[in-house]
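The following note collects several points for a colleague who has the coordinates open.

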Amino acid sequence: MENKNIDPKEVYKEYNEKFDKKLMIDHDYDGIKELDNPPPPWLMWLFYFTVIWAVWYLAWFHWFDMGRLQEADYQHEIEEAAQKYKVTAMDAETINILSAEEDLVRGSEIYKKSCVACHGAEGQGGIGPNLKDNEWIYGKDISKVFGVVKNGTEKGMTSFKSIGDEDILKVSSFLLKKL
Amino acid sequence: MTQEKFYYDNKIVKLFTYATLFWGIVGMLVGLLAAAQIAFPSLNFGLSFTTFGRVRPVHTNAIIFAFTGNAIFTGAYYSMQRLLKARMFSDFLSKLNFWGWQTIILLAAITLLAGFTTSKEYAELEWPIDILIAIVWVSFGWNMIGTLIKRRVQHIYVAIWFFLASFVAVAVLHIGNSIEIPVSFFKSYTVYAGVQDAVVQWWYGHNAVAFFLTTPFLGIMYYFLPKAANRPVYSYRLSIVHFWSLIFIYMWAGPHHLLYQALPDWAQTLGVVFSIMLLAPSWGGMMNGLLTLRGAWDRVRDSAILKFFVVGVTAYGMSTFEGPMLSLKTVNALSHFTDWTIAHVHIGGMGWNGFLTFGMLYWLIPRLFNTKLASEKSANMHFWIGTFGMLLYSVPLYWAAFTQTLMWKEFTDSGFLAYPDFLETVTQIMPMYVTRVIGGTLYFAGAIMMIPNIIKTVKSGHIINNEEAHAAPREKVAKARVAGETPHRWVERKAVHFTVWILIAIIIGGLVEIIPMITVKSNIPTIEAVKPYTPLELQGRDIYVREGCYTCHSQVVRPFRSETERYGEYSKQGEFVYDHPFQWGSKRTGPDLARAGYRGGTMFRPAIWHYEHFLDPQKTFEKSIMPAYPWFFDNTIDNSTLKRKIEVMITLGVPYDGAEPDYNYVNKNGDVDYSKVEKAYKTQAEGIAKELQDMGKDVTWDKEIIAMIAYMHKLGKDISLAKLADKKANESKVEQTNPGEVNLEAGATIFANDCAACHGKKGEGGMGSNLGDNFTLHGASSADIKNVILNGAGIMPPFKKFTETEIANLSAFTTSLIGTNPENGKDPEGEEIK
């Protein structure tokens, strides 16, 4: 296909001796010529490598079952976390209300962030019930309040278990002591 | 040889040029608005048609189909005529292509803002427009193939391979993804449900990027770059290799948009491996472009056009490196749902598509008008402002993405989410959102600079609408391969063969991935608890779709602890079987909503909360960036098509026909009985309205807000109710047991719930010790067992939550395990039990 007898200089005014040794003279598309260079070898090797990698990946996960797929990966993460954090649920029955000032300050911070939207800045209520009056729908002791914050209620209170038992206890103590 | 005289159609090229510029400006302006709305939510203006959820699809559609679409036609109509030495096949088809396309764009802008949308990303347009698109797109392809057939050159050039592939693939993708059943003139339901819909949509979505934003632009690159540089194309062989590998592999990569989501593992794996294999073929295009510039680099300094091309092609290389990396599951776990994706596509969109288009137009318009560019200096300015704008747009978004994803995944020392409040992670990145608006504004300013420059250029020259050209007719050559001809060179002179090979190359990937998803049942295991939507919930869902909620909220929880802690149980394939269309979304500007109706979950909010929140999100959370939806409270629900909706859903296999007794809306003849639908609707709606009225809200059952709340409360509801029922059943079982008498069955249930994770389902051990062998670490008497349960031992945590009865039952059950020697048991530990 390539024709080395043709002088590329005749075709391209800006002929570059260094590069254009292999002009394909019969490839002419509206004046655009093509060179017969091979694809850059590193690029071809990159391609072969990705193909080999792909086969290895498929085999690893689906033929040899060596890797953890989605479900297994999740179970692994859960187990790892259980070991790392030794997350022990606080027992609502035996917890004690906190009274240290720093705990109550933390409790008020959490309240501002997570509770005001429904219970109001002063605990006056709104979407959720009033927390200032002395009426507690689900009971006044710390274990009941703790339980409501943690697990929510069927009526619509959101579960706040994702903030962690310690913070739940702090905010519950804050509710009982300060509001 | 005799030369034939013919005329190039320059007028059609001119029209497409103008349309490109016009829609480019419009699309970017809308993009700026959308970006600004995220930074400053008051810019949503409280009106339905100016709210982000509707504006964002207008931006994406305008940039993809209006701006780059017209740029593709500009490049194709100009270059094909010259490369094939022929006028376009039919002036009528050219005009149909032009005016049809502009009509579609106009209709798209109007209907999307009006809320007529399928919610399938980049395929949001409703069915009548889908049909128009198919007609106009086929007129483009027909025109192209017609021109190919009457061409005067023997072989077809690589640019045209890419145009051909784009035509064939986009036609297949568009039709495949748009199969939907009309409900009314403005509303349809896709035939695909849930997971299937997700796979089809991202097969389309990913390959819209491939065959609308990539291959046609490679075609443009292969014509305009060598032309502008006056250099031969670096490697013909590389063209062949990267063309075929690119179009074949691209079609398989779609599932990488769904990694870690409710998709079977095999499909995810295919998405990963084909994305990685896509790297080298993509870079083939970049390298052939950049290496073509060898020997012309000195001119890049002065020429704005070449600078646009160089940065454009480099941006292509960067995006196509980033793409495969983002498809690795580990990276995707961090990047998905964040602004990383947004930054990534804008490197591609602004850099590759935008800059290539600008370079092409700066080169093309002076030639079309037989003049010189009015100001090379202004074009250079445009380049620099655009480049800087692009960086200032994307860098803050990368930063925002890293920040936010790490915040989402951070745990405190005691193992709880460090930022359980989603809003905190949004507030943190607000400065980045503001900065990217500035970046976008700069990029836009560059594009604006282009307009006077082009107007001046056009005014200084004149266009020859029908430009005379001469070429010899195509020589007749043997149909079969001739001696010395490579197989590829042979196919290059056989346009129809070539097209067929393209079709084969692009169709395989999609078929392999989609067909099993639809036909093989095990890919989507059914969940019995999952029920269809009630008519009210269905209407709410359609409002959710209408408002484009999916542009900011996902509805799929990934199996990561950071997500299950934040949102609740991760999503399973079987949960989405009634979803036409699926609503998984691709970005979490707001939190995931898959568990918004999960009773007792962290995402559940009472009706009154939703009421207040939809009315004024900033009143609920001062720093929230969610738009307000005041019209939900004024609009009465439009139930005029509800009967038809139920009928369509029955056609699609949703069991409204009596298969689910609680959702039976048909009469004895099997026809939809609207009175049943209406009754179900009203009963449920009145319940919610009453709840709100009791809280002092002035609302009636027939308002849109009621349907919306019902839909929110449906998300994840079914599986949560099933869980609650299970729990209650267990509790009552334990209570029925006489005190003093142990209940092995109750003990087994406790064991399965609380112990099996560590000790194995059959007590074979795992993280914890083997309970089925004859060895014990801490004693085997019931007192010993009780002590271990209550106080923990070694790595075992204490379980103080159990009652005496529960401990007795559990203790009896674990004692019963001793000596069962379950399979795969852990090695014995401790002392032998005598």
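1. In which loop of chain A is the place of A:Asp65? The model is a predicted one, and in it A:Asp65 sits in the loop between α2 (41-63) and α3 (70-85) of chain A. Its phi is positive, about 50°, although the residue is not a glycine. With a relative accessible area of 56%, A:Asp65 is exposed, since exposure here requires a value over 50%.

2. A positive phi also occurs in chain B, at B:Asn821, where the angle is near 40° in a residue other than glycine. B:Asn821 belongs to the loop between α30 (804-817) and β6 (831-832) of chain B.

3. A further backbone feature to inspect is the peptide bond from B:His580 to B:Pro581, which is cis, with omega near -5°. B:Pro581 is part of the loop between α20 (561-566) and α21 (607-615) of chain B.

4. As to overall form, chain B contains 30 helices and six strands. The radius of gyration of chain B is 31 Å, which agrees with the value near 28 Å that a compact globule of 834 residues would have. Along the principal axes, the C-alpha trace of chain B spans about 110 × 65 × 55 Å.

5. Of the 834 residues in chain B, 63% are buried. The accessible surface of this chain comes to about 31000 Å², and carbon and sulfur atoms account for 63% of that area. Among contacts in chain B with a separation of 6 or more, 80% link residues 24 or more positions apart.

6. Helix α1 (residues 10-39) and helix α13 (residues 339-368), both of chain B, have axes that come within 11 Å and cross at roughly 145°. The crossing of α1(B) and α13(B) is left-handed. Residues of α1(B) in the contact include B:Val13, B:Leu21 and B:Met28, and those of α13(B) include B:Phe358, B:Leu361 and B:Ile365. By class, the residues of this contact divide into eight nonpolar, four polar and one charged.

7. Is B:Met430 buried or exposed? This residue lies in helix α16 (residues 430-460) of chain B, and it counts as buried because its relative accessibility is 16%, against a cut-off of under 20%. Leaving aside residues up to four places away in sequence, B:Met430 touches B:Ile38, B:Ala39 and B:Ile625.

Conventions: Residues are numbered from 1 along each chain as its sequence is written. Chains are lettered from A and ligands numbered from 1 in the order in which they are written. This is a predicted model: local features need pLDDT of at least 70, side-chain atom pairs count only at pLDDT 80 or more; totals for chains, interfaces and linings use all residues. Side-chain values use heavy atoms; hydrogens and water are left out. Axes are lines fitted to C-alpha atoms, for helices over the stretch in contact, and angles run from 0 to 180 degrees between N-to-C directions. Helices (H or I, at least four residues) and strands (E, at least two) are DSSP runs, numbered from the N terminus. A crossing is left-handed if the near helix is turned anticlockwise from the far one by less than a right angle, and right-handed if clockwise. Contact means heavy atoms within 4.5 Å. Ala, Val, Leu, Ile, Met, Phe, Trp, Tyr, Cys and Pro count as nonpolar, Asp, Glu, Lys and Arg as charged, and the others, Gly among them, as polar. The radius of gyration is taken over C-alpha atoms; the globule rule is 2.2 Å times the number of residues to the power 0.38. Buried means under 20% relative accessible area, exposed over 50%, partly exposed in between (1.4 Å probe, protein chains only). Accessible areas come from the Shrake-Rupley method with a 1.4 Å probe; for residues, only the protein chains shown count as cover.
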